Amino acid sequence: MENENRDTAGHPALRPDPRFLRQYRSRLQELAGGQAPVALFIGCSDSRVTPEMLFGLDPGQWFMLRNVGNIVPPYAQTEIGIASVLEYAVQILQVEQIIVCGHTDCGAMQGLVQGVALSRHPALARWLDVARPALATVDAHPSDFSGDEHHHALVTENVRLQLSHLESYPYIRQAVTAGRLALRGCVYNLGEQAVEIVTG
Ligand SMILES: [Zn+2]
């Protein structure tokens, strides 16, 4: 399988999968002139988080944003790359839902707990700071969590935090209030191959 996906120089091949083209040829032709996705998915860059495969999506269904830790800075500390995706999805594409999806064994959340050296990984350290309030929330309740339970609680709380950050964008809050947009959270449990819905 590994070899099938490599080119003659041994690099990961940049060619369409023939099975994908066979399955979706007519759909891809329909979509060639435009898209109308119903949702924006915000997930982690982790290679094991594969929303199209996990949720059985066809091309054109969900707009995608993936970054380290499925993080959305709040409006007050807006980051132009992320803010552009939100504006495009909500104001231009007018998606019906924004889904924030965390996952178990998340290296970003582990980095938040263990600390990332600002001197060695300056961007990563500053980026993870956006999620730090989730760690504070989890640790505010003294508990006898095991390491795994603490990680799971942090992953879940980070999803809640990013959903609250989304609501700090005025046009998102307006769309939610008007009933045009729903915000949803979930956690992909890699070990159990299950998706848990995150409630408020
Ligand atoms: Zn992750």
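Against which elements do the buried residues of α4 pack? The buried residues of this helix pack against β1 (39–44), α5 (122–129), α6 and α7. The description that follows concerns a predicted model, in which local features need pLDDT of at least 70, side-chain atom pairs count only at pLDDT 80 or more, and totals for chains, interfaces and linings use all residues. Residues are numbered from 1 along each chain as its sequence is written.

The protein chain has eight helices and five strands, where helices (H or I, at least four residues) and strands (E, at least two) are DSSP runs numbered from the N terminus. Read from the N terminus on, the order of the elements is α-β-α-β-α-β-α-α-α-α-α-β-β. Taken along the principal axes, the C-alpha atoms fill a box of roughly 55 × 45 × 35 Å. Of the 200 residues of the protein chain, 25% count as buried; a residue is buried if 20 or more other C-beta atoms lie within 10 Å of its own, exposed if 12 or fewer, and partly exposed in between, with C-beta atoms placed from the backbone. Among contacts with a separation of 6 or more, 67% are accounted for by residues 24 or more positions apart, two residues being in contact if their C-beta atoms, placed from the backbone, lie within 7 Å.

Helix α4 spans residues 107–114, and its buried residues are Ala108, Met109 and Leu112. Seen down the axis of α4, these residues fall within an arc of 100°, so they line one face of the helix; the arc is that of the directions from the helix axis to the C-beta atoms. Just after α4, glycine 115 takes a positive phi of about 90°.

Two of the elements packed against the buried residues of α4, namely α6 and α7, also meet each other. The axes of α6 (residues 132–139) and α7 (residues 147–167) come within 8 Å and cross at roughly 125°. Axes here are lines fitted to C-alpha atoms, for helices over the stretch in contact, and angles run from 0 to 180 degrees between N-to-C directions. The crossing of α6 and α7 is right-handed; a crossing is left-handed if the near helix is turned anticlockwise from the far one by less than a right angle, and right-handed if clockwise. On the α6 side, Pro133, Ala134, Leu135, Thr137 and Val138 take part, and they meet His150, Ala153, Leu154, Glu157, Asn158 and Leu161 in α7. By class, this contact of α6 with α7 has seven nonpolar, three polar and one charged residues, where Ala, Val, Leu, Ile, Met, Phe, Trp, Tyr, Cys and Pro count as nonpolar, Asp, Glu, Lys and Arg as charged, and the others, Gly among them, as polar.

Helix α3 (residues 80–92) has Leu86, Ala89 and Val90 as its buried residues. They cover an arc of only 85° around the axis, which puts them on the same side of α3. The face turned away from this buried side carries the exposed residues Ile80, Gly81, Ser84, Gln91 and Ile92. The cover over the buried residues of α3 includes β1, β2 (62–67) and α8 (170–177). With axes 10 Å apart, α3 and α8 pack at an angle of about 30° and are therefore roughly parallel to each other. α3 passes α8 in a left-handed crossing. Leu86, Val90 and Gln91 of α3 and Tyr171, Ile172 and Ala175 of α8 make the contact, whose residues divide into five nonpolar, one polar and no charged. α3 is followed by glutamine 94, whose phi is positive, near 55°.

Further residues of note lie in loops. Asparagine 70, in the loop between β2 and α3, has a positive phi of about 40° although it is not a glycine. Asparagine 70 is buried, with 29 other C-beta atoms within 10 Å. The loop between β4 and β5 contains glutamine 193, whose phi is also positive, near 50°; with 8 C-beta neighbours inside 10 Å, glutamine 193 counts as exposed. Leucine 190 is likewise found in the loop between β4 (182–189) and β5 (194–198), and counts as partly exposed with 14 C-beta neighbours inside 10 Å. Not counting residues up to four places away in sequence, leucine 190 touches Arg48, His103, Thr104 and Asp105.

Methods:
Angles under 35 degrees count as roughly parallel, over 145 as roughly antiparallel, 65 to 115 as roughly perpendicular and the rest as oblique.
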